[in-house]
Amino acid sequence: MENVAGITRSFLGQAWRWRALATDVRDPGFRPDDLVTQLLLARGVGREAIEANRTPSIRGFMPDPSIFNDMDKAARRLADAVQAGEQVTIFGDYDVDGATSAALMIRLLRDLGLAPAAYIPDRLMEGYGPSGEALVRIAGGGATLIVTVDCGAQAFEALDMARDAGVDVIVVDHHKCAAALPHAHALVNPNRLDEGDGAAHGHLAAVGVAFLLGAALLRELRGRGFFADRAEPKLLDLLDLVALGTVADVAQLKGLNRAFVAQGLKVMAQRGNIGLAALVEASRLTRAPTCSDLGFALGPRINAGGRVGRADLGVRLLTTEDVNEARTIAAELDRLNEERRAIEAIVQEQAELLPHGSAVAVVAGQGWHPGVIGIVAGRLKEKLGIPAIVIALDETGTGKGSGRSITGVDLGAIVLAAKEMGLLVAGGGHAMAAGLTIEADRIPEFAAFLEERLAAAVAHAREDRALLVDALLAPGGVTPGLCETMEAGGPYGMGWPAPRVAAGPFRIVRVDVVGNGHVRAIVAGDDGRSLKAMAFRSADTLLGQTLLQAPRDRKLWLAGRPKVDDWGSRPAAELHLDDAAWAD
């Protein structure tokens, strides 16, 4: 395959290749709509599905909920609870996907006349997922139905205890399943190994599965004549929650997920959810949120409650109808997010100093805060280019671990295999992320197991490493208009990567370090057009150092994501760098 701009080895030691079709925007005959079409084609869309993917809609991608195992059974049980006015508790996880899933079910059941309670376990005191003690306690409080969201697929003992206590449990999850399933009234999970047509939707976040259950529930109630004398809730009004949970959980934005996010952003822009509106305000966003804002502004603040604060803050925010309470909770989450950043920086600094494996980085530390280890694992993965697992050890010698993977390496499956071999106390996850509990003395054996099992997959993934580029631009080609055109191919995220362009050649006019280790460069082409380029958190990396030391008379190509900088008096385009290469 032809290399973009002839680059076979960049500053980061990689070739630049076309993602799919070569798009040279310098061609005089190029039209903007050609670019959107090629962006879609390059992301695996067939020509017959171009228009459906250009404007992804719920109607165009929504499957019949009945294709999923246990979906109709779950809907019938929920419908019974609605008609009988039962006491229902929604048991969620403490992350954004769990909070949005719980909030969606609570808001929908409220609209149907119930007063559901929420139970979110404390990360430090209770850990991930339902415990038998918690389920029995909820049943003792009068609940006759418990719905677990974003957890429960591996809760064998807990669900047995719930059954013995006489309470029905519906599990709504998306994490990897073992061949054996826990005993539940219904277990809805597209990643069940016995799933049929529903397996095609295994990339859904838990909040997406909850939305489908909501659709099945409304259909069931409709069939029973429940809405003959009352208004039917507008399920589509809850798509803002689905969009937030989907993006924050780094679910692949393809098919139905793209429709969820595209339409959910429109709902969010209307600010109908009081809590979300307050969170947007606390995040200092002055425009309608974008997909990027969900992942980098709103999601981390909701997560902060479960990481370093009170686990139920996210659900309370997303379900409140009190404006003052919403603003108070949003402000608290904003403060906790700052606290989380400080804790994270300390753990990351310590983790980076520890030795690690060559195929998988496994590091452990005494006293590390379990609430930030997932973020630190993600940072290590990005820096090292291999999967990373970070383990926080407590005073008893038990470790809570969180892992992040690279494309092509299924971390959730290998963690599940390690659990089945007895190396872990508990564990599970999905391809790109996993969580686990392990005794400290088993960590070396676990690390060796990962090295042996994943070395070949990691090596293959790294050998195939190349920077994939969607378009080649002249120096003046990075413009607000181009950014707007490219956004038409979104929303972008995991599995649907944001467009990357190569532009140049440029010479560096000025370069310096700004903020928290960011490298800022002002570059200009032979046509005199200048451009601001930003390499975030790169001051001490090979890319950042090469840019800082680059001779002013030597030309270079830049590759990255075009973005609109709207802080000034009028919008200007800038390039967020992924890599650079010499032009001569």
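Reader: Which residues does His175 touch, not counting residues up to four places away in sequence?
Author: This is a predicted model. His175 is found in the loop between strand 5 (168-172) and strand 6 (186-188). Leaving out residues up to four places away in sequence, its contacts are Tyr128, Asp150, Asn189, Asn191, Gly429 and His430.

Reader: Is His175 buried or exposed?
Author: Buried means under 20% relative accessible area. The relative accessible area of His175 is 14%, so His175 is buried.

Reader: Which side chain makes a polar contact of 2.8 Å with the side chain of His175?
Author: His175 lies in the loop between strand 5 and strand 6. There, a polar contact of 2.8 Å joins its side chain to that of Asp173.

Reader: How do helix 9 and helix 10 lie: roughly parallel or oblique?
Author: Helix 9 (residues 239-248) and helix 10 (residues 256-269) have axes that come within 7 Å. The axes cross at roughly 125°. Therefore helix 9 is, relative to helix 10, oblique.

Reader: How many nonpolar residues are in the contact of helix 9 with helix 10?
Author: Helix 9 brings residues including Leu239, Val242 and Leu244, and helix 10 brings residues including Phe260, Val261 and Met268. By class, the contact has 4 polar residues and 1 charged residue. Its nonpolar residues number 10.

Reader: What is the handedness of the crossing where helix 11 passes helix 14?
Author: The axes of helix 11 (residues 274-282) and helix 14 (residues 323-352) come within 8 Å and cross at roughly 45°. That makes helix 11 oblique to helix 14. The crossing of helix 11 past helix 14 is right-handed.

Terms used
Residues are numbered from 1 along each chain as its sequence is written. This is a predicted model: local features need pLDDT of at least 70, side-chain atom pairs count only at pLDDT 80 or more; totals for chains, interfaces and linings use all residues. Side-chain values use heavy atoms; hydrogens and water are left out. Axes are lines fitted to C-alpha atoms, for helices over the stretch in contact, and angles run from 0 to 180 degrees between N-to-C directions. Helices (H or I, at least four residues) and strands (E, at least two) are DSSP runs, numbered from the N terminus. Angles under 35 degrees count as roughly parallel, over 145 as roughly antiparallel, 65 to 115 as roughly perpendicular and the rest as oblique. Contact means heavy atoms within 4.5 Å. Ala, Val, Leu, Ile, Met, Phe, Trp, Tyr, Cys and Pro count as nonpolar, Asp, Glu, Lys and Arg as charged, and the others, Gly among them, as polar. Buried means under 20% relative accessible area, exposed over 50%, partly exposed in between (1.4 Å probe, protein chains only). A polar contact is a pair of N or O atoms within 3.5 Å; within protein, one must be able to donate a hydrogen and the other to accept it, and residues adjacent in sequence count only if both atoms are side-chain atoms. A crossing is left-handed if the near helix is turned anticlockwise from the far one by less than a right angle, and right-handed if clockwise.
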